[in-house]
Amino acid sequence: MSLGERLSSARARAFIGRETELRRFEEALSGDPQAPFAFYVFGPGGIGKSALLRRLTDQARSAGRPFVELDGRFTSRDPADFERAAGGFLDVPGTVLFLDSFEHCQWLESWLWQRLLPRAAAGALVVLAGRIPPQAQWAADPAWAGVLHVTELQPFSEEQSRSLLTAAQIRPELRDRVLRFAGGNPLALSLAAAAGMPGWSRDDMRAPSADVLRTLLAGLIGEVPTAAHRRALEVAAQAHSTSEELLAAVLPDEDAPELFSWLRDLPFMEATHRGLHPHDAARETLAADLRWRAPHAFVAMRERLMEEYLRILREAPEERVWTVTDELFYLFREVESLARVRTWSRDEEVHDRPLHEDDIDVILGMAEETEGPESAELVRYWMDRQPQAFSVYRLVSTGRTVAFTARLALSAPPDPQDLVTDPVVAAAWRHADATAPVSPGEHIGISRFTVYPERYQVPSRVIDLSSSRAQAESARARGRAYGFAVWRDAEAWSARVKGTLVDTGERPRVGAHTYGVFGIDWRRMPVENWLRRFISATDVPLQSGPSGVSRSAFDQAVREALVHWRDAAAFAACALMRVRLAADLADPVAELRDLLRQAVDELAQDPRGVRARDALTAGYFSGAPTQEAAARRLGLPYGTYRRHLRHGLDLLCDALWQWELHGVR
């Protein structure tokens, strides 16, 4: 047997219950004309939906069926992307489409029933699994009645639960106690079995059902082998998905492959094509437990993740920008100040696309309907000047165009024609000139239009996406001096954006309406610092330098600069270029590179720093292609070299931090 066949066989032996679902799916695979075409499985977190899908996938594989596996947590907002990912489901007869975590892309549901599923290839099947039942209109539709099988998964019976605990080798005298504790929840039973027998002999191992996962997870994560493993858990608890590459970036001095393997083996961790993802029912419990245990470390890890996502964002090809942006803002989904302006909702999901010629009349009509003919003329003006600034939004469910936005980029000095034509743009420049003028070579960004007639200028998915794109553009752009947003209900938005943008006090008038202009000077408040204000939901103080960069961010910037030291172009984009240390240099790239080299050399002034100096020099300045090669150049075992390198990084960061605080000398 191949490894895949052995794994499938092991899953079949270990699988418990769900006989009806397995039987009906087997009938469908065999071509029974009375069998369903679509299977919809739903239930709360931990009830066994993903385990059932894996078992059904094994059945499809054994039957020789081609199949496609998708995860709702990682689907694109654009139905066209989903359609491409579904691949053979539309083209290859007999293909089975499995879609897990459907609640994360429930906004696709109407589109699926109406547009995608009816175009399935001959003999194809589809299995959907999520927390939410299907819309009643489909379950009750006579056309779907004969081809849709809906199942709400129930907790295990006592007999099934005992079978699971027997297979997990929980001693007979302890099974009743575990059964009372887990209450038939498959995930809780599995975690209890994974936790093993120690502790189950205690008489107090009873807990109300709401505390089952908290108690189990606290016990499991309380046994982490080392501090490095706990930091890996901090990453997994906060990152949308955790790859080995992400672990290596945010834990540069640790053994990322070993930590990733350990995370993957945890019973509440799921593997996806993007990396590891804690079970939805476990993530928040895990995060809350870690935050309670070590709040400073938890906040510091969120900051490291933020900085890594920003680094990736600045280097990412255009097609990856919005994926990275989503991962970045996932860190802040619970932040109150952002919740005032973002919905985080996927109920009315939209996707955006660039402006096409056939969108123009629709957009002008929306502008005139909501803001009047004068505003519509300004939309026409900017479509002629900057068509690339416009995004058009369509409902995923129906494909109907419902909104548009325009994010303009305007260079200094401003074009007089722009100022004469658009009072709002003139107001933005007026504020800039009065506070901190924009220099030649710099530019401003302005979210000039946000028009969604059905939800006009109230928090919505359109505003969510447009804001994320504006912030991503600010992070990637060179020379952006200001960012501005424009809202008609100035008083309401002044309260909403408090803590994120500043009310400029400008109130330009266009036609019958007055608008508020809100902005931020990205030169005084770099994107990193702006995001850092949202990091902590607790009042944990972070040590900061004079440029507003925290010590942990500074240390990470030093490590990044060392990695790119030999490439001047890459070095110029490093976060270290934005600290005070570089602010007063005539030639920041060349002089800061020299300062790094000087600081490393000066470590050898203390005899205890000689080996640290040598390790840093070999690892970053010598041109060695890998750290292993650097160790060979020094004639050191790799473990010894890594120890000297870590010591050198600590000494170097300390020295440079003192220079950042007090100046070089």
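Hi everyone, this short talk walks through a sheet, a pair of helices and some salt bridges in the structure above.

A word on the ground rules. This is a predicted model, where local features need pLDDT of at least 70 and side-chain atom pairs count only at pLDDT 80 or more, while totals for chains, interfaces and linings use all residues. Residues are numbered from 1 along each chain as its sequence is written, and side-chain values use heavy atoms, with hydrogens and water left out.

Let's start with the sheet. Helices (H or I, at least four residues) and strands (E, at least two) are DSSP runs, numbered from the N terminus. In general, strands of a sheet pair through backbone hydrogen bonds, either parallel or antiparallel. Here we have an open sheet of 5 strands in the order β2-β3-β4-β1-β5, and the pairing is parallel. Two strands pair if DSSP finds at least two bridges between them. Which strands sit at the edges? They are β2 (67-71) and β5 (148-152), each pairing on one side only. From one strand to the next, the twist averages 10°; angles run from 0 to 180 degrees between N-to-C directions, and axes are lines fitted to C-alpha atoms, for helices over the stretch in contact.

Have a look at strand β1 (residues 38-42), which is joined to β5 by 5 bridges, the two running parallel. Y40 stands opposite V150 in β5. Helix α2 (residues 19-29) packs on this sheet and touches β1, β3 (96-100), β4 and β5, its direction making about 155° with that of β4. Contact, by the way, means heavy atoms within 4.5 Å. Helix α3 (residues 49-62) packs on the sheet too, touching β1, β2, β3 and β4, and its direction makes about 165° with that of β3.

Helix α20 (residues 360-371) and helix α21 (residues 373-385) have their axes 7 Å apart, at an angle of about 145°. Which residues make the contact? From α20 they are I360, I363, L364, A367, E368 and E371, and from α21 they are P373, S375, A376, V379, R380 and M383. These residues divide into 8 nonpolar, 1 polar and 3 charged.

Finally, salt bridges. A salt bridge is a side-chain nitrogen of Lys or Arg within 4 Å of a carboxyl oxygen of Asp or Glu, and by this rule the count comes to 31. One of them joins the side chains of R119 and E83, at 2.8 Å from N to O. R119 lies in the loop between α6 (109-116) and β4 (125-130) and E83 in helix α4 (residues 79-86), so this pair ties together parts that are 36 residues apart in sequence.

Another salt bridge links R231 with E254, their closest N and O atoms being 2.7 Å apart. Because R231 is in helix α13 (residues 227-238) and E254 in the loop between α14 (244-250) and α15 (256-264), the pair ties together parts 23 residues apart in sequence.

Conventions: Ala, Val, Leu, Ile, Met, Phe, Trp, Tyr, Cys and Pro count as nonpolar, Asp, Glu, Lys and Arg as charged, and the others, Gly among them, as polar.
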